[in-house]
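Work through the exercises below with the sequence and coordinates open. Each task is followed by a stepwise solution.

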Amino acid sequence: MGKVLVLGVFVADTAYRASRMPKMGETILGNSFVLGPGGKGSNQAVAAGKLGADVTIITRLADDDFGKMAKQTWQNANVKGAIKYSTSSYTGAAFIFIDDKTGDNAIIIAPGAASEISLNDIHDNSEIISSTDVFLTQLELPVEVAQEGLKVAKENNKITILNPAPAVRLPKEIFGLCDFITPNETETEALTGLPVRNEKEAETAAKFLTELGVKTPIITMGEQGAFLYEYGLIPAFNAGRVVETTGAGDAFNGGFAVALSEGKSALEAVKFGCATASISVTRAGTAPSMPTRDEVEEILLT
């Protein structure tokens, strides 16, 4: 069993399905509403936990109903929490619009207590970081905290993964701390200024990321699969009809981190991540859509 440490955010997902997004000032009727657990860091930790890794998440919550939802979600997925509680904020929440026709989504996040994650959270958990196999973080928390987490992990010779989502401006120093970086097409363009619509463009953008200091860029490309630098495009798996794409990137990152923690090669790990994501999009929700180890191993045989 590999050890995966996730530095990230929990938010409660409030998901609305409708035939289209309303215009400013307009009210439309939706077709459904679901309240459930979310946040990129939490989703990735749940994905890794359901796949059988020894997982810990470093985060902040408030002592409220959404905070209780977070702890129950992690308990159900065998995820341990290194948690600090805020007395002056709320546990985060997200508005998710899902297009009923395509399954595509648009998201607004209010991180609440998670926005208070600080450098002290890294220093206070340095022992946990030094004992993990893979350190994974995202950008729903302050960039300087993500960077410090990557730095401490690298100093302890751990495998580091940065999922640069949502897309924000990054200091140049952060790239050299990344063994792997896993942007999607939109995030890649934000980082490099280069469009990514096909394998050739992905190769150009990935090379640019290596010139910034990243050891191995991986560009996730939705239904096309994922581009692994110095290998090429690894196709997605056909696991059934696409229901919702919201948690696909988190499923990929969780699966990818688990495979690396078990000593698999980058190629094997990307395939494992693609299989995890391909299953997740056939189900509604984010954390609830994450597959089990048996499901992933079964689709890898197809």
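**Exercise 1: Cysteines and helix H9**

At 5% relative accessibility, Cys-274 is classed as buried. The model is a predicted one.

Task: Find how many disulfides the structure holds, and explain the result for Cys-178.

Solution. 
1. A disulfide requires two cysteine sulfur atoms within 2.5 Å.
2. For Cys-178, the closest cysteine sulfur belongs to Cys-274 and lies 19 Å away, which is too far for a bond.
3. A search of the whole structure returns 0 disulfides.
4. Cys-178 is also buried, with a relative accessible area of 1%.

Task: State how many residues of helix H9 are buried, and which elements they pack against.

Solution. 
1. Helix H9 covers residues 266-280, 15 residues in total.
2. From first to last C-alpha the helix H9 reaches 21 Å, close to the 21 Å expected at 1.5 Å a residue.
3. Buried means under 20% relative accessible area; 11 of the 15 residues of H9 are buried, so the helix is mostly covered.
4. Among the buried residues of H9 are Phe-272, Cys-274 and Ile-279.
5. The buried residues of H9 pack against strands E11 (216-220), E12 (226-228) and E13 (232-234), and against helices H8 (248-261) and H10 (293-300).

**Exercise 2: A sheet and its helix**

Task: Give the strand order of the open sheet of 4 strands, and describe its pairing.

Solution. 
1. The order is E3-E2-E6-E7, and the pairing is mixed.
2. Strands E3 (32-38) and E7 (105-112) form the edges, each pairing on one side only.
3. On average, neighbouring strands of this sheet are turned by 15 degrees against each other, ignoring direction.
4. Strand E6 (residues 91-99) pairs with E7 in the antiparallel sense over 7 bridges.
5. Ala-94 stands opposite Ile-109 in E7.
6. Helix H2 (residues 65-76) lies across strands E2 (11-18), E3 and E6, and runs at about 65 degrees to E3.

**Exercise 3: The whole chain**

Solution. 
1. The chain has 10 helices and 13 strands.
2. The C-alpha trace spans about 50 × 45 × 40 Å along its principal axes.
3. Of the 302 residues, 52% are buried.
4. Among contacts between residues at least 6 apart in sequence, 67% join residues at least 24 apart.

How values were computed:
Residues numbered from 1 in each chain as written. Predicted model: local features only at pLDDT ≥ 70, side-chain atom pairs only at ≥ 80, totals over all residues. Heavy atoms only, no water. Pairing = 2+ DSSP bridges. Helix = DSSP H or I, 4+ residues; strand = E, 2+ residues; numbered from the N terminus. Axes fitted to C-alpha atoms, helices over the stretch in contact; angles between N-to-C directions. Contact = heavy atoms within 4.5 Å. Buried < 20%, exposed > 50% of the residue type's maximum accessible area, 1.4 Å probe, protein only. Expected span 1.5 Å × (residues − 1).
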